[in-house]
Each structure stands twice: as structure tokens, then as C-alpha cells.
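Take a look at the two chains shown here. This report covers the fold of one of them, then the place where they touch.

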Amino acid sequence: MIVLGLEGTAWNLSAALVDESRVLVEKSSTYVPAKGGIHPREAAQHHADHMAEVVGNVLQAARENGWQMDAVAFSQGPGLGPCLRTVATAARVLSLRFGIPLVGVNHCIAHIEVGKWNTGARDPAVLYVSGGNSQVLALRQGRYRIFGETLDISVGNALDKFARSVGLPHPGGPRIEELARSAGQYIPLPYTVKGMDFSFSGLSTAASEAARKHELADVCYSFQETAFAMLVEVTERAMAHAEKKEAMLVGGVGANRRLGEMLDIMCRERGGRFFLPERKFMGDNGSMIACTGLIMLRAGVTTPLGQSQVRPGYRTDEVEVVWA
Amino acid sequence: MESEIGRGAEAVLTVEDGVVRKLRLPKSYRVPELDEQIRHERTVREARIISEARRCGVATPIIMDLSRFEIMMEYIGGVRLKEVVTPELSRQVGVMVGRLHRCGIVHGDLTTSNIMRYRERLYLIDFGLAYHDWGIEAQGVDVHVYFQTLISTHDRAQELISAFQEGYLQSYEKAKEVLARVEEIKARGRYL
């Protein structure tokens, strides 16, 4: 079985073909704003401009290798409305053109499913952290339930905001991680965990202010240590509460080595196991949509054209996980 | 003789001569400065909220002593509500939680395992996740957690829920609003 996956919820437009065991081909094009952060309409325009090229390259590989597609999967949400609409339109065209079914995929669930597929994790508590999302999830009674999430902005967004305020290039995460390695001391910053939820906007502001008085490297280090400790604490609580023995890290911020290391220590201390997918599956990519589409298709889930409208606020727990 | 009576994600509880010691354990994934700050702040906050709740008319363990990462408090014997709950006791829980919320305290882990029946009285224990919040949402989540425990572990849950509502409405002027919010929270499908 071979499924084409289309991703384009935010920055990255990506198309891929996967079968049960591997990624056959993946092509991507990333929107880079001239300055500042993401502009939804411009990002959608980027996706429209590059759709033919990105999808064309994947289809060409399919022709050359004689791969027959069984379905078109696309990220239906959550994400930026204009970007989602561009991708959904392309997916509908491909579905009609090739006479194969559509599979509308929840973007967050795709991060989880590709992670499980890639690492062999069976039933983990999942920490999903990216520019748009920060959630702790676990499968319970047939759905990925949200055990904890951010009360304001995502951790990736907080890192980017702080980076911008101190003149670091976008995206902020990698540069902050690098600077943090040469830090000399920890500077106290607000640590906000409320019940099972966390908050990052106060931390981002406090770090920007601290940068005026302290070494930038020290502030970067303290930002990471504080923000990541919050995420790890809630992940541990979710493991205890939902009785999960595994934890898995997914999403773009998951590329940060320190965050992975902290989760690994937490898991080992409580006799659990930690799973970290390969870096190429961490950020948004077409393979994760294709992979999830394939899993859903095998369980008999397809999306009729009339129900293929985009869902910018699509929540993880709205999806019945019939394939688990 | 000291013996362990509980261990959570955060702390270990031991009891000796009628005194419970709740010690918050270090986490080696976080830097020592932050680790100590969190454990200390939470120890102080928990002790403070336990005493404050009692002043609001909720039976809680008496705090005997406090050190940096450890609370020493009265040992509450008896049985967990989980094993003995009846509609009448659930009504009394409603009264108790109403008083708590009236004072702006959210327990954060309101299960039938965290309520003890001791000498014909109900005691609320384990304030490890408690915090101050006067908001309808936070209080709604508190009540929702209690209802979910009833549904998942007790027969005749609906009867127990109705009894709680009766007591809660009686002791808290914003109870109606909170109970309406609980329905919304349930529909969102979180905190299960």
C-alpha cells in the first residue's frame, strides 16, 4: 500500500510517498519571510506557488519507479486557515485526478503516529512541542486525550519571541540551544505550572528583561532549563496519572537535545522508557501525513469530498483512534 | 518505626508516631537551583493552603512543623472515602468543597482517595496540587475531577453526583455557575 501525504499547516510545504515500512520519497519547500514572523496569507501564497513543483517531483518519482498510489492524505488541521485551504485544494484535485480516496489527517496525531512508527513506542505519553503547539497527550478510551497544554503561547513561540527581542535570527530555538552550552550560571525565571497546564508568555517576557542585565548565554540557558523543566514535570505527571510506562517527544522543538536528555533522565528515574524519533520526522513533514493516512486507510477511514473542509481549530481528542 | 504510606510523582510520605512526613524528592533532570526553589516553594505553599482551608471550615491535617522540603503533619486515620462513600457522605463532600471554593482554593486532585472519613468526620488531604483561583473554570475542573472519579470507580454514581450538588449548592453562592461549567468541561473531554 502506498499513500501520498501533503503537509502545509504553517511554514513548510511538503509532499511524500510512504509504504508500510519506509518513506519512498519526500520533497519540501519552506516559506521564509523577508523579516519578522509568519504571515498566514504570504505563507499560503508560498505554498500555492510551490505546490506544482513539490508535488510534481514526488509524482515524477512515482512514475519512474512504477509506484501506484492508494490514497491522498492531507493535513486537515489544526493550522493557519489560508495554508490549510491551499493544501486541501491540491489534495482534492489529486484525489479526483487519480480516482483514489482522500484521507483528512489531524496534524498533531500525525506527529504522534509517525513517531510511534519510527521509534517502535507502543503506548507512550507524548510531549508535543512546536512553534504552534505545546501539549501532553496520551491514548485513553480510544482518543488522544490532552492531559496538559499551554495556557497561552507555545514553547516554540516563546523561544522565538525571546530570540527576536535579543536580536537572534528566526527560528530562535537552535541559536538559543547553542548559546546555552556556554552558560556559566542559572538565573531564576518564572516557573508556571498550574495543575497539568503550563504557561510561557511570562517566562518569555522575563527572559527578555533579564537579557538586559545578564550575559545572553546565561539567559538562554536559564530559559531552556526553566521551560523544559515545566514540560518534563507535566509529562511525568501524565505518565503517573494515565499509567504509561513510555514517553515520546515529537514536534519541531523536540530537535533540542537538552529537552530530550531531560525526558530521558525523568523516564529512567521512574523505570520507564523514552523514545525520540529521528530528527527528519520532528518538524512538519509530508511523510508523517502519508504515514498516518496509510494507517487510517488500512483501518478503513477515508474522508468523503463533502467532509474535506479544512479545520483550523481541529483538536486531537475529536478524532476517534479506530486504528489503535 | 517509620513506614512509607505513599509515593507520588513528586513526594514520598512516611508515618511515625501519628506524624506524617511529606518529603518532596529532588529531580535530577532539572538544575539544582531550580529544583530546590520548586520543592521549597511548593512545600511552603502546600502547608499554607492546608492551614488556610481549615480556617475556611474544611477539616484538614494539622501542620506540626515545616522544613525546607518537608511538611510534618497530623496523621489522619480512618478509611478512604473511596471505600465507604454513600449519598450522605457525598453531600458532605459537596458542602466541604463549597467552603473551599468560597475561599478561593482549588484542590487540584479531588478524588475519593484524597478524602478520609475519620471519627465521623470528612478530612481533605493531599494538597500537593492545590492553588489559589477564584475562577469558575478552575473550580469547575476541580468538581469535574471528583465526578469523574465517582463515575469510574463507583456504582450509582449519578446518585452520588446529585448528592454532592445538593451540598455544594448549599455552601457556595456561585455553585450554580460552576456546575454549569462542569457540563461544558465534560463536553470538552479533557481531564479524564
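In this predicted model, helix α1 (residues 32-55) of chain B lies across β3, β4 and β5 of chain B. The helix α1(B) runs at about 160° to β4(B).

These strands belong to an open sheet of five strands in chain B, in the order β1-β2-β3-β5-β4. The pairing is antiparallel. β1 (3-7) and β4 (63-66) of chain B stand at the edges with a single partner strand each, so one side of each has no neighbour in the sheet. From one strand to the next, the twist averages 25°.

Now look at one pair of strands. β3 (residues 19-24) and β5 (residues 70-74) of chain B run antiparallel and are joined by five bridges. Here R21(B) stands opposite M72(B) in β5(B).

| Item between chain A and chain B | Value |
|---|---|
| Residues in contact | 31 of chain A, 20 of chain B |
| Area buried | about 2,100 Å² |
| Salt bridges | two |
| Residue pairs in polar contact | four |

Carbon and sulfur atoms give 51% of the buried area. In chain A, Y186(A), Y191(A) and R237(A) lose the most area to chain B, together 22% of what that side buries.

Which residue forms a salt bridge with K27(B)? E236(A) does, and the closest N and O atoms are 3.2 Å apart. Several elements of chain A give two or more residues to the side that touches chain B, among them β8 (143-149) and α8 (257-269). α7(A) gives the most, with 10 residues. By class, this side of chain A has 13 nonpolar, five polar and 13 charged residues.

Terms used: Residues numbered from 1 in each chain as written. Chains lettered and ligands numbered in written order. Predicted model: local features only at pLDDT ≥ 70, side-chain atom pairs only at ≥ 80, totals over all residues. Heavy atoms only, no water. Contact = heavy atoms within 4.5 Å. Buried area = accessible area lost by both parts, 1.4 Å probe. Salt bridge = Lys/Arg side-chain N within 4 Å of Asp/Glu carboxyl O. Polar contact = N/O pair within 3.5 Å; in protein donor to acceptor, adjacent residues only side chain to side chain. Helix = DSSP H or I, 4+ residues; strand = E, 2+ residues; numbered from the N terminus. Nonpolar A, V, L, I, M, F, W, Y, C, P; charged D, E, K, R; others polar. Pairing = 2+ DSSP bridges. Axes fitted to C-alpha atoms, helices over the stretch in contact; angles between N-to-C directions.
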